[in-house]
Every structure is written in structure tokens, then in C-alpha cells.
Amino acid sequence: MTEPLVTFRNVQKRFGSFVAVRDMDLDIQSGEFLAIMGSSGCGKTTTLRMLAGLESPTSGEIRIGGRVMNDVKPHERDTPLVWQSLALFPFLSARENVEFGLKMRGVDKAERKRRALDWLDRMHIGEFAERNVDTLSGGQKQRVALARSLVMEPQMLLLDEPLSALDANLVIRMQGVLTQLQKELGITFVYVTHSQSEAFAMADRVVIMSQGDIAQVGTPKDIYRAPANRFVAEFVGRNNILTGKVEEAGAEFARISTPVGSFRVKAPDFVLGTGEDRSFVVSADLVALGLGEPEGPNSVQAKLISEEFIGSVVTLFLEGGDGQEFKVQMQERELLNLDLSAGTVVWLSWKPENAHMLESG
């Protein structure tokens with residue numbers, strides 16, 4: 001494997017007695033789109049600020065291109081940052097905003113104008129080059145901010161929740177713009193967000209953080225289908241989590257006895273011991289729902305509590321015995337054929353290979 005562009009080794013950041021980032025080890029490859037996500041206060045923005053040089057690690061080492069960067073000033077790094085607030089100069093035109101960094105680097109007037117106009121054209125807002133940025137829409141301002149960073153031709157672009165202030169339709173459009181740009185340019189993107197949909201839609205890999213620690217690193221599919229622990233399973237959303245004791249620990253499948261039944265689960269990569277307390281997860285979209293008792297090793301009855309409609313997809317919230325919560329995702333057209341109402345008792349089932357054992361938590 002090639003040498004990573006960025007390495008964090010045993011990096012810790014403290015603010016007084018508060019540990020914002022704890023013993024972080026992380027590699028970022030050249031040309032990848034990496035998203036860092038987690039709830040407020042998890043350490044994701046502090047991590048980005050250390051990478052940008054706006055904060056220095058309390059201990060440990062950050063390297064970019066093999067060079068230790070702990071004490072390198074922000075303006076000496078090739079790591080422009082697109083802020084959540086965009087931080088555009090309201091008294092300048094779109095072109096002048098894009099030119100600003102080039103001007104600070106001493107690029108002559110004609111060349112910086114040429115490059116600024118080129119990037120505004122590439123962002124499909126060349127017609128607004130001479131407009132004051134205060135007259136532009138949110139999406140247009142977002143593109144100006146991106147052009148201002150990319151005109152510097154950096155090896156890496158840092159983005160701190162850049163889409164959080166945009167409306168839903170514009171967010172989806174800008175996700176497409178960012179993904180296409182990153183692939184065309186081959187620049188490493190490090191993108192901080194609290195939004196699972198943004199991270200999973202754009203990133204090659206996702207870092208999930210919790211209370212200053214990395215909870216899991218992986219592809220969006222790996223994190224969604226195979227969460228490493230209970231925190232990740234709960235954080236990524238529509239997962240059903242069941243806990244019980246290991247009855248059997250076979251080579252291919254294990255059996256877990258829970259308060260709502262005994263279930264077969266795909267055997268994990270780690271060693272299981274009979275009698276251990278273990279949890280497993282099943283994604284809501286992998287749970288089948290019907291009115292009659294299904295065949296197969298994994299089935300349970302549950303009562304429908306409520307429904308949540310999101311476009312053509314419906315999430316059903318149900319309750320089994322012992323208060324166990326269940327979630328099922330299905331197409332609206334499938335639900336219409338069942339004619340369910342609150343309080344209806346249904347059968348839920350899933351394949352053993354679709355149940356994932358958690359290693360911890």
C-alpha cells in the first residue's frame with residue numbers, strides 16, 4: 001500500500017481538563033474522500049482544526065506528506081478550509097473573493113483574474129463573477145467558497161459542515177457537485193458533518209467519533225451493515241438491536257437467547273463463549289413483515305405503534321414482548337397491500353446471515 005498522505009499517531013487534544021480528541025490513530029490516503037461524523041462535542045471539528053493548523057495537538061504527531069505538521073502555521077500548509085459560515089468577504093465581488101488567496105501569494109493581477117474566472121466557470125457561476133457576494137443565493141455563495149479554495153490547487157481540501165445552512169434540495173445538488181469535483185481533481189477531501197446521509201452519499205470512507213475516540217472507520221456499507229459496537233449501531237439509525245446469552249457458538253452460526261426469543265446469527269470473526277451476554281443487529285430494511293407466521297429460524301411477533309413516511313419509503317415502529325423495539329423499512333406500495341393500523345399484531349422475520357454480531361458494547 002502507498003504511503004498515506006496524512007497520518008495521526010497517538011494524537012490527543014486537551015482543553016484544560018477536557019479531552020476533545022483522545023489517542024487518535026488515523027491514516028488518510030491521497031485522493032480519497034474521507035468523512036468524519038459524530039454528534040456535537042465528539043471531537044470531529046477539533047480533528048479538522050488540528051489538520052488545518054488552527055489547533056496544535058497536546059501530544060502525538062500529525063504528518064502530511066511525511067512531514068511533521070504539529071507546529072506548522074496554517075498559512076504554511078496546503079490545506080484550505082471551507083467553513084460552515086463560508087467566511088466570504090461581503091464587500092468584494094465573487095471574482096475578488098476567489099482571487100484573494102492568489103493575491104496574498106503575490107500572483108500578478110492578470111493571472112489571478114484568469115484563474116478566478118476559470119474556476120467560477122467550472123463551478124457554473126461565471127456569469128455572477130462581478131456581482132457582490134451578498135446578492136448571491138446560498139448555493140451560489142457555496143460555489144464561490146469552493147472556487148476560492150480550489151483556485152489555490154491544494155493537495156487536500158478541508159470542509160467543515162459546508163452544507164448545513166442550505167435547504168434540502170440544494171444540499172442534494174451540492175453533494176453531486178462535491179463528489180464530481182473530487183473525482184475529477186483527485187484532491188483529498190476531508191469532510192466533517194453530523195449528517196449520515198451526506199457522509200454516506202459522498203465519502204469513500206467514514207470515521208465515526210464518540211467523546212473524542214474513533215468508534216469505527218470503514219466504507220459507508222461496512223458501517224451500515226456491520227457496525228463495530230453498540231454506539232455505532234445506534235448512531236447510524238435504522239438498526240434493530242437485540243441482546244441475550246449465547247446458547248450455541250458454531251462455526252457458521254451462533255444462537256442467541258433473548259427475552260423475545262431465540263435467534264440464529266451469522267458467526268462473527270471473533271471468538272464467542274457459551275453463556276456470554278452478546279448483542280446483534282439487523283438493519284430495518286432486512287426485516288420482513290407479514291400477517292402470517294413465517295417459516296425459518298428467526299421470527300417474532302410485534303405490535304405496530306407508528307409509521308414514518310419519507311417519500312416512497314416507510315419506517316414502521318413496532319413493539320415486541322418485554323418492550324423490545326423493532327423498526328422495519330419497506331416501500332409504501334408494499335405497506336398498502338397489508339392494510340395495517342396502529343395496534344395490529346404482525347410477524348417479523350429475517351435471515352440468519354443478515355444478523356450481525358456486535359464485538360463490544
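**Ground rules**

I am working with a predicted model, where local features need pLDDT of at least 70 and side-chain atom pairs count only at pLDDT 80 or more, while totals for chains, interfaces and linings use all residues. Residues are numbered from 1 along each chain as its sequence is written, and side-chain values use heavy atoms, with hydrogens and water left out.

My element names are DSSP runs numbered from the N terminus: helices (H or I) have at least four residues and strands (E) at least two. I call two strands paired if DSSP finds at least two bridges between them.

**Entry 1: the four-stranded sheet**

I began with an open sheet of four strands, which has the order E2-E1-E4-E5 and antiparallel pairing. E2 and strand E5 (67-68) are the edges, each having a single partner strand, so one side of each has no neighbour in the sheet. I then looked up how strand E4 (residues 59-64) meets E5: two bridges join them, and they run antiparallel. Arg63 has Val68 in E5 as its bridge partner.

What packs on this sheet? I found helix H1 (residues 44-52) there, touching strand E1 (6-15), E2 and E4. Contact here means heavy atoms within 4.5 Å. The direction of H1 makes about 115 degrees with that of E1. For such angles, axes are lines fitted to C-alpha atoms (for helices, over the stretch in contact), and the values run from 0 to 180 degrees between N-to-C directions.

**Entry 2: H2 against H3**

Next I checked helix H2 (residues 94-104) and helix H3 (residues 109-122), whose axes come within 9 Å and cross at roughly 125 degrees. H2 and H3 are therefore oblique to each other. My angle classes are these: under 35 degrees is roughly parallel, over 145 roughly antiparallel, 65 to 115 roughly perpendicular, and the rest oblique. The crossing of H2 and H3 is right-handed, a word I use when the near helix is turned clockwise from the far one by less than a right angle, with anticlockwise being left-handed.

I listed the residues in contact: H2 brings Ala94, Arg95, Val98, Glu99, Leu102 and Lys103, and H3 brings Arg112, Lys113, Arg115, Ala116, Leu117 and Leu120. By class, this contact of H2 with H3 has six nonpolar, six charged and no polar residues. I count Ala, Val, Leu, Ile, Met, Phe, Trp, Tyr, Cys and Pro as nonpolar, Asp, Glu, Lys and Arg as charged, and the others, Gly among them, as polar.

**Entry 3: H4 against H5**

How do helix H4 and helix H5 lie, parallel or antiparallel? The axes of H4 (residues 138-150) and H5 (residues 168-185) come within 11 Å and cross at roughly 20 degrees, and the two are therefore roughly parallel to each other. H4 passes H5 in a right-handed crossing. On the H4 side I noted Gly138, Gly139, Gln142, Arg143, Leu146 and Leu150, which meet Leu170, Arg173, Met174, Val177, Leu178, Leu181 and Leu185 in H5. The contact of H4 with H5 divides into eight nonpolar, three polar and two charged residues.

**Entry 4: a salt bridge and a hairpin**

I counted 15 salt bridges, each being a side-chain nitrogen of Lys or Arg within 4 Å of a carboxyl oxygen of Asp or Glu. I looked up the one between Arg205 and Glu32, whose closest N and O atoms are 2.7 Å apart. This pair links distant parts of the chain, 173 residues apart: Arg205 is in strand E9 (residues 205-210), and Glu32 is in the loop between strand E2 (18-28) and strand E3 (33-37).

E9 pairs with strand E10 (residues 213-218) in the antiparallel sense over five bridges. Ser210 has Asp213 in E10 as its bridge partner. The two strands form a hairpin with two residues between them, and Gln211 in the turn has a positive phi of about 50 degrees.

**Entry 5: the five-stranded sheet**

My last stop was an open sheet of five strands in the order E15-E19-E16-E17-E18, with antiparallel pairing. Strand E15 (288-290) and strand E18 (325-331) are its edge strands, each pairing on one side only. Neighbouring strands in this sheet are turned by 45 degrees against each other on average, direction ignored.

- Strand E16 (residues 299-310) and strand E19 (residues 345-349) pair over five bridges, and Gln301 has Trp347 as its bridge partner in E19.
- Seven bridges join E16 to strand E17 (residues 313-319), with Phe309 opposite Val314 in E17. In their hairpin, which has two residues between the strands, Gly311 takes a positive phi near 65 degrees.
- Seven bridges also join E17 to E18, and Leu318 has Phe326 in E18 as its bridge partner. Their hairpin has five residues between the strands, and Asp322 in the turn has a positive phi of about 60 degrees.
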